[in-house]
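Trainee: Could we go through some of the labels used for this structure and check each against its definition?
Mentor: Happy to, let's take a look.

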Amino acid sequence: MAVSKFTEERRQRLIKFVDSQLGDSFKYKQVKDAGFNFEEFKKLLDEAVVERNSKGIYTKTDAISDEFYLTQQKYEKGIYSYETALWLNGYSDRVPSKLMMSFPQGYNCSSIKDEPIIMKYKDKDIYDLGVYTIPSPYGNDIKVTNIERTLCDMLLGNKGDTSLVSSAMRQYVNSANADFPKLLDYADKLRVRKKIDMYLKILLF
């Protein structure tokens with residue numbers, strides 16, 4: 001297969017594609033799928049138009065680094081959950097100092113211990129329960145547990161921040177988007193139904 005000659009016109013097409021079609025952070029595969037080879041893309045690296053962030057992931061040089069997107073691209077099995085998901089869902093004003101992510105039971109990655117990440121392991125049958133995609137604060141798609149799953153997760157065990165949970169539950173029951181059947185379904189599956197019922201009884205009646 002012949003390699004396209006990297007003319008100035010093609011260089012400008014590549015720059016336009018990166019600027020207009022890709023987010024601030026992206027994968028080389030997206031560039032490749034658009035018909036540009038790595039030798040062509042490397043010219044933008046050499047010119048400092050883009051920079052390598054981690055294996056296969058690149059960032060526009062003038063962009064603000066999106067920690068949420070980049071971390072999840074690096075650890076694709078990780079789903080934002082607990083306090084981090086609470087904040088991302090708009091139910092907490094406490095900006096997470098460390099990222100909390102859920103991983104399937106048995107997941108192992110030695111490099112993650114050097115990251116500002118708190119790992120939570122989940123059984124594979126509930127690992128992706130209530131997971132959806134939302135824009136990060138910088139506009140890139142990230143996977144997060146929805147508010148119903150997050151509230152249930154926060155009630156697992158006895159180590160949760162009760163003031164944080166109480167505030168989020170109060171906001172939830174007063175929200176027009178509250179989905180109580182879904183919340184109770186998740187509570188049954190995660191075995192926190194009694195705790196959820198207690199909050200609802202206090203806040204609704």
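**Labels and their cut-offs**

Mentor: Lys120 lies over the face of Tyr82, at 4.9 Å from the ring centre. This is a predicted model, where local features need pLDDT of at least 70, side-chain atom pairs count only at pLDDT 80 or more, and totals for chains, interfaces and linings use all residues. Residues are numbered from 1 along each chain as its sequence is written, and side-chain values use heavy atoms, leaving out hydrogens and water.

Trainee: What makes the pair of Tyr172 and Phe180 edge-to-face?

Mentor: The structure holds 12 aromatic pairs. In the pair of Tyr172 and Phe180, the ring centres are 5.8 Å apart and the planes are at 80°. Rings of Phe, Tyr and Trp (its six-membered ring) pair if their centres lie within 6.5 Å; planes under 30 degrees apart count as stacked, over 60 as edge-to-face and the rest as tilted.

Trainee: Why is Tyr172 called buried, and Phe180 partly exposed?

Mentor: Buried means under 20% relative accessible area, exposed over 50%, and partly exposed in between (1.4 Å probe, protein chains only). Tyr172 has 0%, so Tyr172 is buried; Phe180 has 26%, so Phe180 is partly exposed.

Methods: A charge sits over a ring if NZ of Lys or CZ of Arg is within 6 Å of the ring centre and within 35 degrees of the ring normal.
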